[in-house]
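User: I have a model open and would like to talk through parts of it with you. Could you bring it up so that we can start with the surface and then move on to the helices?

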Amino acid sequence: MKFESSDQKTPSFEAKGIETIRKDQCALTKKILRNALVTIFRGGSIQDLREYLNRQWALIHAGRLPVSDYILTGRVRSQYRGGKIGPVQAALARRLAEADPGRIMRHGERLPYVIV
């Protein structure tokens, strides 16, 4: 939380380098982590945080959140060290290219996917 000027009444949330802004995290992770941090930084108690997290987990378990909240993205490389298979997005990119030769992912391109 930061104040940008001396006359600012409420602080703003600024995140750098953590999961709330990383492109490879799903929207749900970003939202829950950001709100949890804001709860703590604005003076909320651990009990407030616990209640918020329990509400979010209940929504997840009930299946009441849209699938779009679970979309992850990963950057695809043209090669991986030691000839390894690579992460999930690399395996998915290979499968997409095998199914449709015109669907080849370029090096550095981000591939959206959902793990079920």
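**Surface patch and helix pair**

Analyst: This is a predicted model, and on its surface V67, I71, V114 and V116 make a nonpolar patch of about 400 Å².

User: Where does V116 sit, and is V116 buried or exposed?

Analyst: V116 lies in the segment after β2, the strand of residues 110–113. With a relative accessible area of 99%, V116 is exposed, the cut-off for that label being over 50%.

User: Switching to the helices, what span should α2 have, and how far apart are its end C-alpha atoms?

Analyst: Helix α2 covers residues 46–62, and its 17 residues should span 24 Å at 1.5 Å a residue.

User: Which residues of α2 are buried?

Analyst: The buried residues of α2 are L49, Y52, L53 and Q56. Viewed down the axis of α2, these buried residues fall within an arc of 95°, so they line one face of the helix.

User: And what is exposed on the other side of α2?

Analyst: On that other side, H61 and A62 are the exposed residues. After α2 comes G63, which has a positive phi, near 70°.

User: What do the buried residues of α2 pack against?

Analyst: They pack against α1, which is the helix of residues 27–41, and the buried residues of α1 in turn pack against α2.

User: OK, how many residues does α1 have, and what does it reach end to end?

Analyst: Helix α1 has 15 residues, and from its first C-alpha to its last it reaches 21 Å, close to the 21 Å expected at 1.5 Å a residue.

User: Which residues of α1 are buried, then?

Analyst: In α1 the buried residues are L28, I32, A36 and V38. Around the axis they cover an arc of only 165°, which puts them on the same side of α1.

User: What follows α1?

Analyst: Helix α1 is followed by G43, and the phi of G43 is positive, near 95°.

User: One more residue: how does L37 count by relative accessibility?

Analyst: L37, which is found in helix α1, has 22% relative accessibility and therefore counts as partly exposed, since buried means under 20% and exposed means over 50%.

User: And what separation do the C-alpha atoms of L37 and F13 have?

Analyst: The C-alpha atoms of L37 and F13 are separated by 9.0 Å, while the two residues are 24 residues apart along the chain.

Definitions and conventions: Residues numbered from 1 in each chain as written. Predicted model: local features only at pLDDT ≥ 70, side-chain atom pairs only at ≥ 80, totals over all residues. Heavy atoms only, no water. Helix = DSSP H or I, 4+ residues; strand = E, 2+ residues; numbered from the N terminus. Expected span 1.5 Å × (residues − 1). Buried < 20%, exposed > 50% of the residue type's maximum accessible area, 1.4 Å probe, protein only. Arc of directions from axis to C-beta. Contact = heavy atoms within 4.5 Å. Patch = residues over 30% accessible without salt bridge, like charges linked within 9 Å, V, L, I, M, F, W, Y side chains within 5 Å. Areas by Shrake-Rupley, 256 points an atom, 1.4 Å probe, with all protein chains shown as cover. Salt bridge = Lys/Arg side-chain N within 4 Å of Asp/Glu carboxyl O.
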